[in-house]
Amino acid sequence: MDWQVAGHKKQLEFLEQTIKRGRLAHAYVFAGPQGVGKRMVAHKLAQILICENNQACNSCKQCKSFVLKNNADFIELGGSEAIKIEQIRDLIYKLSLKPYLAQYKVAVIDAAENMTEEAQNALLKSIEEPKPYTIVILITSSPDRLKKTILSRAQKINFGVVDYDGYKYLLPLKLSTAQKALIQNFASQKPGLALKIAMDEEFLSMLANTEKQLDDFLSEDKSKRLLLVNQLSESETAELLLTLDLWQNRLESELRKNPHKKLADRIALLGESQSLVRQNLNAKLVLVNLMLQADYA
Ligand SMILES: [Zn+2]
């Protein structure tokens, strides 16, 4: 089976054996860091299950509609927003209908930890008494935010990071050396993120800017740094979180090449700052605090 997925050999082998033996679970939890390719594996698994040739052949009717994102036997929801009970009820209804063409009906819930309590309870009921043809895949980077009762009903598969060498062959050939270096620096060990960046010209040029910002932030030049704090504190929360996360990725990849305590401390500070921003603390205060602490780190 050609999964066309970077890394995760053991996990793919396990899934392949499960499919061959017809021993699929009705619910899976794909857990692991963001951007390592969990969603890609979930999509591939879904496609294999609904493909007329059971192999994600890309040429049968089912695969074609899957690729065009209008396959009635595949349902996907989730993202960065809260997942509400109405969405889960709608999902459960769609899952209750028999598959149109496939043997299975597959649902993927991305960032499943964003399900509200009620949404999780509703989903739990449906995975406790699943229809024989339904498969639900929950993707999460924080499995601890899922109800224990859901975790206990689902088969959990853990995904780890993947080295750059393990996925670089999947990057588009047209990328320049500088672009590849950016991807390697900012998405090292995260093939999902790396491919997303590689396909997106705008993201790539934004990264070049992010790199410059990080240099400014760590420079000795106080005015540059304050200007940057001012500028960043005016960006949207999601954008600010992305910047901090990318900075963290960048320092993490540096840390792997050249481990020292100062870097490790700065990485911890970046993680802390992100959680403060998520708690709706004033962005400017968080950034000033980060700037001051990074000096002492
Ligand atoms: Zn097919």
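**Thr140.** I looked up Thr140 and found it in strand β4 (residues 134–140); strands are DSSP runs of E, at least two residues long, and helices runs of H or I, at least four, both numbered from the N terminus. The model is predicted, so local features need pLDDT of at least 70 and side-chain atom pairs 80 or more, while totals for chains, interfaces and linings use all residues. Residues are numbered from 1 along each chain as its sequence is written, and side-chain values use heavy atoms, with hydrogens and water left out.

Thr140 has a relative accessible area of 1%, so I noted it as buried (under 20%; exposed is over 50%, partly exposed in between; 1.4 Å probe, protein chains only). Neighbours within four places in sequence aside, I listed its contacts (heavy atoms within 4.5 Å) as Val29, Phe30, Ala31, Gly32, Lys38, Glu113 and Leu146.

**Zinc ion.** Next I checked which protein atoms are donors (N, O and S atoms within 2.8 Å of the metal, or 3.2 Å for Na, K and Ca; water is not among the atoms, so sites may look incomplete). I found the SG atoms of Cys51, Cys57, Cys60 and Cys63, 2.3 to 2.4 Å from the zinc ion. In sequence these donor residues follow the spacing C-x5-C-x2-C-x2-C. The 4 donor atoms subtend angles of 105 to 116 degrees, so I recorded the arrangement as tetrahedral (four donors, all angles between 85 and 135 degrees).

Cys51 is buried, at 3% relative accessible area, whereas Cys57 is partly exposed, at 21%.

Terms used: Four donors count as tetrahedral if all angles lie between 85 and 135 degrees; four count as square planar and six as octahedral if opposite donors are over 155 degrees apart and all others between 65 and 115; anything else is irregular.
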